[in-house]
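Let's take a walk through a structure together, from the overall outline down to a handful of residues. Have the viewer open and turn the model as you read.

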Amino acid sequence: FGESVLNDAVGLVLFRAFQYFVANTNDAEEVVIDTSEFLTGFLYDSVGSPTLGVLSGLIAALLFKYLDMHSTPLLELSLFVLIMYVPFLLAQLFDLSGIVTILFS
């Protein structure tokens, strides 16, 4: 299951990165600019999404370790739901892949 979801997520990241190559001109200077935008966009997505996911997972682990939630099950449920949505929303805010972020969190 995880491998196919990661393959789909990488496909989405590549699709977003390849959108820089869709143009109506064949000017060599613009091809160089598009190639550099592709590389920086792909690097930003492929490094930023897992990094954000790992950081959010570490923060969630620290929250669950140090907060005593035995007496408040509603707080535990609320934090669990927020821990799944907040990394995705942050990834969308920073224009990263939310799917990859959730897989790494």
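What follows starts with the whole chain and then moves to single residues.

First, a word on what you're looking at: this is a predicted model, with residues numbered from 1 along each chain as its sequence is written. Local features need pLDDT of at least 70, side-chain atom pairs count only at pLDDT 80 or more, and totals for chains, interfaces and linings use all residues, while side-chain values use heavy atoms, with hydrogens and water left out. The pLDDT is the predictor's confidence in each residue, from 0 to 100. Its average over the protein is 83, and 91% of the residues score at least 70. Confidence is lowest in helix α1 (residues 2-18), with a mean of 76, and highest in α3, at 89.

Now for the outline. The protein has four helices and zero strands, so-called by DSSP: a helix is a run of H or I of at least four residues, a strand is a run of E of at least two, and both are numbered from the N terminus. Read from the N terminus, the order is simply α-α-α-α. The radius of gyration is 18 Å, well over the 13 Å that the globule rule gives for 105 residues, so the protein is more spread out than a compact globule. (That radius is taken over C-alpha atoms, and the globule rule is 2.2 Å times the number of residues to the power 0.38.) Along the principal axes, the C-alpha atoms fill a box of roughly 65 × 25 × 15 Å.

How much of the protein is buried? Buried residues make up 24% of the 105 residues, where buried means under 20% relative accessible area, exposed means over 50%, and partly exposed is in between (1.4 Å probe, protein chains only).

Next, find helix α2, which covers residues 28-66. This helix has 39 residues and reaches 57 Å from its first C-alpha to its last, close to the 57 Å expected at 1.5 Å a residue; the expected span is 1.5 Å times one less than the number of residues. Its buried residues include Phe38, Asp45, Ser49, Leu52 and Ser56. Val32, also in α2, is exposed instead, with a relative accessible area of 57%. From Val32 to Thr101, 69 residues along the chain, the C-alpha atoms are separated by 30 Å.

Stay on α2 and look at Ser49. Ser49 counts as buried, because its relative accessibility is 1%. Not counting residues up to four places away in sequence, Ser49 touches Tyr44, Leu96, Ser97, Val100 and Thr101. The side chain of Ser49 also reaches the backbone nitrogen of Ser97 at 3.0 Å. Ser97 counts as buried because its relative accessibility is 6%. With neighbours within four places in sequence left aside, its contacts are Val13, Arg16, Asp45, Ser49 and Ala91. The loop between α3 and α4 also holds Asp95, which is exposed, with a relative accessible area of 51%. Phi of Asp95 is near 60 degrees, a positive value in a residue other than glycine. Most residues other than glycine have a negative phi.

Back on α2, move along to Ser56. Ser56 is buried, with a relative accessible area of 15%, and its side chain reaches the backbone oxygen of Gly53 at 2.9 Å. Ser56 and Ile83 are 27 residues apart in sequence, and their C-alpha atoms are 7.8 Å apart in space. Setting aside neighbours within four places in sequence, Ser56 is in contact with Pro87 and Ser105.

That brings us to Pro87, in helix α3. Pro87 counts as buried, at 5% relative accessibility. Beyond its neighbours within four places in sequence, Pro87 is in contact with Leu52, Ser56, Leu82, Thr101 and Ile102. Between Pro87 and Ile33, 54 residues apart along the chain, the C-alpha atoms are separated by 31 Å.

Definitions and conventions
Contact = heavy atoms within 4.5 Å. Polar contact = N/O pair within 3.5 Å; in protein donor to acceptor, adjacent residues only side chain to side chain.
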